[in-house]
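Student: I would like to go through this structure with you, one question at a time. Could you start with the terms we will need?

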Amino acid sequence: MATLLGIAGSLRRGSYNAALLRAAAELKPGGTAFDVASLRGIPLYDHDVEEREFPQEVASLKERITRADGLVIVTPEYNHSIPGVLKNTIDWLSRPPKDIKRVFTGKPVFIMGASTGLGGTRFAQAALLPVVAALGMRPWYGKAMYVAQAAQVFDASGELVDKATRERLARIVAEYAAFVDSARRDADRSHAAE
Ligand SMILES: Cc1cc2nc3c(=O)[nH]c(=O)nc-3n(C[C@H](O)[C@H](O)[C@H](O)COP(=O)(O)O)c2cc1C
């Protein structure tokens, strides 16, 4: 069984990206666990803070990522890139560098996003790739999910109401979960052979 963990890079209460993540978790296939983590409470990265006292919110998110078989990052697009909130969180999660291997290396990651514009976060998703590559993660390119004109796809309560988008999301989550599960089984086999 694959265990997925999702984060959305927006703190906004009515965030379309958080809503997209909730919908993905809701549409997960049977036999998949899909947890959703929040970026709320992650402080701004400051090396002095890191040396003084490592933030509990960051330590706990690191452990949740470590335990998950695959990560889902749902990014908004700000000025054709990823929001500072998301980059700041990833920067914290990459500390200290000796933990990167344990937390991130080889971890499957699926990137998607929703924007109010027509591009559906194409630029932001591309901008996130060098960041996940820096951490040695393994992006899944099986399908792309660019949710454009989000205000027409979600209702006022954040429910994903567009039928075609729901169906596509369900298919993508199922395919990604299958990929993560097979990567997990490969890793288990290679550990057993060591
Ligand atoms: C600072 C800022 C920059 C933005 N830049 C873009 C952009 O480059 N492309 C785009 O499609 N939408 C852009 N938007 C609009 C976002 O797509 C929209 O605010 C979206 O709802 C943000 O995601 P959220 O609903 O998850 O908070 C921008 C919004 C903000 C606040």
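Tutor: Gladly! Helices here are DSSP runs of H or I with at least four residues, strands are runs of E with at least two, and both are numbered from the N terminus. Keep in mind that this is a predicted model.

Student: Then where is glutamate 53 placed?

Tutor: Look for the two helices on either side of glutamate 53, one of which is α2 (47–52). The other one is α3. Glutamate 53 therefore sits in the loop between α2 and α3.

Student: Is glutamate 53 buried or exposed?

Tutor: The cut-off for exposed is a relative accessible area over 50%. Glutamate 53 has 61% relative accessibility, so this residue counts as exposed.

Student: How far apart in space are glutamate 53 and serine 94?

Tutor: Along the sequence, glutamate 53 and serine 94 are 41 residues apart. In space, taken from C-alpha to C-alpha, their separation is 16 Å.

Student: How are α3 and α4 oriented to each other?

Tutor: Helix α3 covers residues 56–67 and helix α4 covers residues 84–93, and their axes come within 9 Å. The axes cross at roughly 80 degrees. Angles of 65 to 115 degrees count as roughly perpendicular. The two helices, α3 and α4, are therefore roughly perpendicular.

Student: Which residues of α4 meet α3, and of what class are the residues of this contact?

Tutor: From α3 come Val58, Leu61, Lys62 and Ile65, and they meet Thr89, Trp92 and Leu93 in α4. By class, the residues of the contact are five nonpolar, one polar and one charged.

Student: How many cavities of 30 Å³ or more does the structure hold, and what lines the largest?

Tutor: The structure holds one cavity of 30 Å³ or more, and the largest cavity has a volume of about 40 Å³. The elements that give two or more residues to the lining of this cavity are β3, α4 and α6. By class, the lining has 11 nonpolar residues, no polar and no charged. The names are Ile7, Ile65, Leu71, Ile73, Ile90, Leu93, Phe104, Val131, Val132, Leu135 and Met137.

Student: Which residues of α6 are buried?

Tutor: Helix α6 spans residues 122–134. The cover over its buried residues includes β3 (70–74), α4, β4 (108–114), β5 (138–139) and β6 (146–147). The buried residues of α6 are Ala124, Gln125, Leu128, Val131 and Val132.

Student: What about the largest pocket: which element gives the most to its lining?

Tutor: The largest pocket has a volume of about 290 Å³. Its lining has 17 residues, and the closest to the pocket centre are Ala68, Asp69, Lys107, Arg184 and Ala187. Seven of the lining residues are nonpolar, four polar and six charged. The element that gives the most, with six residues, is α7.

Student: Why is α1 largely enclosed by the rest of the structure?

Tutor: What covers the buried residues of α1 includes β1 (2–8), β2 (32–37), β3, β4, β6 and α7. Among the buried residues are Asn17, Leu20 and Leu21. Helix α1 (residues 16–26) is largely enclosed because the buried ones number eight of its 11 residues.

Student: Last one: is glutamine 152 buried or exposed?

Tutor: Glutamine 152 lies in the loop between β6 and α7. Its relative accessible area is 59%, and the cut-off for exposed is over 50%. Glutamine 152 is therefore exposed.

Definitions and conventions: Residues are numbered from 1 along each chain as its sequence is written. This is a predicted model: local features need pLDDT of at least 70, side-chain atom pairs count only at pLDDT 80 or more; totals for chains, interfaces and linings use all residues. Side-chain values use heavy atoms; hydrogens and water are left out. Axes are lines fitted to C-alpha atoms, for helices over the stretch in contact, and angles run from 0 to 180 degrees between N-to-C directions. Angles under 35 degrees count as roughly parallel, over 145 as roughly antiparallel, 65 to 115 as roughly perpendicular and the rest as oblique. Contact means heavy atoms within 4.5 Å. Ala, Val, Leu, Ile, Met, Phe, Trp, Tyr, Cys and Pro count as nonpolar, Asp, Glu, Lys and Arg as charged, and the others, Gly among them, as polar. On a 1 Å grid over the protein atoms alone, a cavity is a set of points where a 1.4 Å probe fits but cannot get out, and a pocket is an open set with protein on both sides within 12 Å along at least five of seven lines; lining residues have an atom within 4 Å of a point. Grid points are joined across faces, edges and corners, and a volume is the space filled by probe spheres set on the points. Buried means under 20% relative accessible area, exposed over 50%, partly exposed in between (1.4 Å probe, protein chains only).
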